[in-house]
Amino acid sequence: MQGNLSFPTEPEFYFTIFFALAAALIVSFAVTPLVRMLAGKVGAVDDPGRDSRRMHTEPIPRLGGLAIFLGFMTAFLIFGMDEMDKTVTGILIGAVLMVVVGALDDVLSLPWWGKLAGQIAAAAVPVICGLRADIFTNPVLFFNSNTMIDLGAFSIPVTILWIVVIANAVNLIDGLDGLAVGVSGIASLSMLLIAIATGNPAAALLTAALTGGCLGFLPYNFNPARLFMGDSGSLFLGYILSCVSILGLFKFFAVLYIVPFLILGLPIFDTAASFFRRLLKGQNPMKPDQGHVHHRLINMGFSQKQAVAILYSVSAVLGLSAVVLTTTNELRVVILLLTVLAVSTVYIILAKKHKRKNKEHDGEEPE
């Protein structure tokens with residue numbers, strides 16, 4: 001079964017998408033200096049002395065996620081009011097709660113349990129308002145089956161878990177200047193293209209506004225960063241991406257569980273790899289370390305800009321593959337397998353080079 005492709009023919013639809021993206025970009029870019037001043041006044045500053053994982057050497061204000069959020073909300077409330085049904089309203093209310101949780105953590109450094117409770121509460125709002133990943137179709141990618149799997153009541157915890165996991169996955173890759181916001185922008189743009197292809201105006205406007213917000217903030221966050229987006233930004237970005245993946249992708253495609261996993265492949269893969277790596281080492285899987293893929297690239301000798309460019313490229317390939325999978329039936333399986341193979345190969349090569357460099361640094365004979 002193929003996705004329901006129905007490109008809108010009305011020029012007004014495309015103009016609305018363009019203006020929403022542009023408005024979010026302009027507002028985000030314009031208010032970022034004000035947010036930077038606010039961060040300094042309330043003490044939302046990232047001190048590099050907190051731990052060894054920090055890549056910067058000078059204190060840098062955080063809370064930049066407020067600029068992305070303001071750009072996003074302004075654009076959607078101007079151009080997306082016609083799409084404000086119960087589910088979309090729930091997504092926006094949950095977004096406000098998620099930004100509040102992230103902002104409080106940026107300023108006060110909340111305990112992990114407090115932050116997690118806030119994330120679950122924010123994720124529960126859109127679920128209560130009807131956002132559910134409740135039906136899975138064609139669970140075996142290689143067969144053109146119309147098998148339907150209804151999660152029933154389990155759709156509620158599954159959806160909340162998905163939102164919380166993706167929000168934290170984006171948060172975990174926020175380790176280099178411009179990385180998380182750029183990867184999120186690429187993911188959002190990929191979802192925007194799919195939403196347009198399926199004629200889903202709500203998902204299209206949400207992702208257009210999010211893409212614009214990311215682009216407006218990126219000049220301030222790209223290396224060398226003048227402002228970090230903090231948890232207020234990373235949690236918000238992950239929240240919106242996870243909600244739109246359900247609203248705009250899970251409902252439309254036979255490969256519905258594959259497409260969002262491809263678009264969000266980098267944060268998901270990095271988070272899963274980190275989790276299992278720590279477990280295998282007998283470490284606390286929730287304890288931060290320097291084993292993330294961006295840390296490995298830096299340890300291999302790449303600069304921050306080079307490492308970010310590499311990871312942007314990986315995200316772009318994954319996003320493009322997802323777009324193609326929703327529009328080209330014949331190449332679906334081939335592209336999926338090649339993409340997984342390419343990403344896995346790159347990760348294995350990077351891991352081996354990192355291990356070899358560590359052995360050489362320790363004076364051991366490399367394998």
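User: What makes H6 the helix to name for the lining of the largest cavity?

Analyst: H6 gives the largest share of that lining, four residues. Helices are DSSP runs of H or I with at least four residues, numbered from the N terminus, and lining residues have an atom within 4 Å of a cavity point. Helix H6 (179–197) and helix H10 (265–280) each supply at least two lining residues. The model is predicted: local features need pLDDT of at least 70, side-chain atom pairs count only at pLDDT 80 or more, and totals for linings use all residues. Residues are numbered from 1 along each chain, and side-chain values use heavy atoms, without hydrogens and water.

User: Why is the space of about 60 Å³ called a cavity?

Analyst: On a 1 Å grid over the protein atoms alone, a cavity is a set of points where a 1.4 Å probe fits but cannot get out. The largest cavity holds about 60 Å³. Of its 13 lining residues, the closest to its centre are Val183, Ala187, Ile263, Leu264 and Pro267.

User: Why is Gln119 called buried?

Analyst: Buried means under 20% relative accessible area with a 1.4 Å probe, protein chains only. Gln119 has 2%, and is therefore buried. Gln119 belongs to helix H4 (residues 112–128).

User: What makes the pairing of the Gln119 and Asn168 side chains a polar contact?

Analyst: A polar contact needs N or O atoms within 3.5 Å, one able to donate a hydrogen and the other to accept it. The side chains of Gln119 and Asn168 are joined at 2.7 Å.

Note on methods. 1 Å grid on protein atoms, 1.4 Å probe; cavity = no way out; pocket = protein on both sides within 12 Å on 5 of 7 lines; lining within 4 Å. Points joined across faces, edges and corners; volume = space filled by probe spheres on them. Buried < 20%, exposed > 50% of the residue type's maximum accessible area, 1.4 Å probe, protein only.
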